[in-house]
Amino acid sequence: MESYDNTTVPDPKLMDKDNLKSFYKEQLPSLLKTVFLNPISGTFELFKNPQKGAYNNSILLLLSTMALYLVVPYLLAGKYIREMLSLGVLLKISISSGVFILVISALAFGIKSISGKPIFKNELLVGALCGIGLVLVLVSFVFVRVFSGNIDLFDMMDPSRLLSKLRLLLVFTLYIFLFMVNIFQQSLKASGTKDAISWYISPLAILLAFYVWGKITTAFLKPDMSPF
């Protein structure tokens with residue numbers, strides 16, 4: 001395992017105005033271009049030879065995902081649900097998205113500890129890039145909201161209700177899943193995991209992450225979301 005050096009410690013100026021400007025103007029567009037336009041070799045290279053600042057970028061991606069999950073669910077909520085929302089509930093929704101990223105990162109580290117060579121600064125990047133998939137989930141909510149107009153926060157916590165309303169976007173939902181699987185798979189391959197193992201275990205890991213996340217989120221959110 002790689003030692004803790006300055007690449008695994010957040011920059012003290014992480015939230016500095018110039019650093020944020022550089023991230024959103026340069027690093028983030030570059031990451032998005034890589035994972036969407038060069039998803040195999042480009043994503044593999046992100047993990048095989050992480051650039052300086054990759055750990056900081058991972059943290060900013062995590063925080064950006066959480067920020068979107070703080071704001072967008074409120075905008076998507078129906079009028080009745082919106083009246084019941086509190087800052088505490090919105091914060092829990094935001095935190096739950098960060099939990100998903102951490103669950104993915106923990107699974108990546110655990111699997112690599114057995115089948116490959118875990119690198120500390122890479123594991124959060126795995127979860128952070130999968131967080132882009134979570135943002136795509138929000139995009140799908142926007143489409144459903146626009147075309148069906150009847151999605152609410154309870155749908156976000158109930159997979160059966162959510163899937164019934166996403167049936168018109170099933171292909172997009174499948175794409176999000178495969179997007180995350182590819183991120184996870186390229187990370188495993190970059191750590192030295194055999195191709196066959198990474199091929200079979202990556203989709204199982206993503207499914208497990210969603211299962212664990214669902215359990216945590218249900219326990220975390222439902223008490224406060226109950227109207228009774």
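Leaving aside neighbours within four places in sequence, Asn122 is in contact with Phe47, Pro50 and Lys112, where contact means heavy atoms within 4.5 Å. The model described here is predicted: local features need pLDDT of at least 70, side-chain atom pairs count only at pLDDT 80 or more, and totals for chains, interfaces and linings use all residues. Residues are numbered from 1 along each chain as its sequence is written, and side-chain values use heavy atoms, with hydrogens and water left out.

Asn122 has its place in helix H6. Helices (H or I, at least four residues) and strands (E, at least two) are DSSP runs, numbered from the N terminus. With a relative accessible area of 3%, Asn122 is buried; the term buried means under 20% relative accessible area, exposed means over 50%, and partly exposed lies in between (1.4 Å probe, protein chains only). Asn122 and Ser187 are 65 residues apart along the chain, and their C-alpha atoms are separated by 8.0 Å.

The charged end of Lys112 sits over the ring of Phe47, 5.9 Å from the ring centre. A charge sits over a ring if NZ of Lys or CZ of Arg is within 6 Å of the ring centre and within 35 degrees of the ring normal.

**The chain as a whole**

The chain has ten helices and zero strands. Of its 228 residues, 43% count as buried. Among the contacts with a separation of 6 or more, 77% come from residues 24 or more positions apart.

| Pair | Separation in sequence | C-alpha to C-alpha distance |
|---|---|---|
| Asn122 and Ser187 | 65 residues | 8.0 Å |
| Gly131 and Leu61 | 70 residues | 7.4 Å |
| Thr65 and Gly98 | 33 residues | 7.4 Å |
| Asn49 and Ala190 | 141 residues | 8.7 Å |

Asn49 is found in the loop between H2 and H3. Its relative accessibility of 45% makes Asn49 count as partly exposed.

**Thr65 and Gly131**

Thr65 lies in helix H3, which covers residues 54-76, and Gly131 lies in helix H6, which covers residues 120-147. Thr65 counts as buried at 2% relative accessibility, and Gly131 counts as buried at 0%. When residues up to four places away in sequence are not counted, Gly131 touches Thr65 and Ile101. With neighbours within four places likewise left aside, Thr65 is in contact with Ser97, Ile101, Gly131, Leu134 and Val135.

**Helices H1 and H2**

The axes of helix H1 (residues 17-37) and helix H2 (residues 41-48) come within 6 Å and cross at roughly 130°. Axes are lines fitted to C-alpha atoms, for helices over the stretch in contact, and angles run from 0 to 180 degrees between N-to-C directions.

Leu31, Thr34 and Val35 of H1 make the contact with Gly42, Thr43 and Leu46 of H2. By class, this contact has three nonpolar, three polar and no charged residues. Ala, Val, Leu, Ile, Met, Phe, Trp, Tyr, Cys and Pro count as nonpolar, Asp, Glu, Lys and Arg as charged, and the others, Gly among them, as polar.

Thr34, found in helix H1, counts as buried at 17% relative accessibility. Neighbours within four places in sequence aside, Thr34 is in contact with Pro39, Gly42, Thr43 and Leu46.

**Aromatic rings**

The structure holds seven aromatic pairs. Rings of Phe, Tyr and Trp (its six-membered ring) pair if their centres lie within 6.5 Å; planes under 30 degrees apart count as stacked, over 60 as edge-to-face and the rest as tilted. One of the pairs is formed by Phe36 and Phe179, and this pair is stacked, with 5.2 Å centre to centre and 20° between the planes. Phe36 lies in helix H1 and Phe179 in helix H9 (residues 170-190), so the pair ties together parts that are 143 residues apart in sequence.

Phe36 is partly exposed, with a relative accessible area of 32%, whereas Phe179 counts as buried at 6% relative accessibility. Together with Phe172 and Tyr175, Phe36 and Phe179 form one aromatic cluster.
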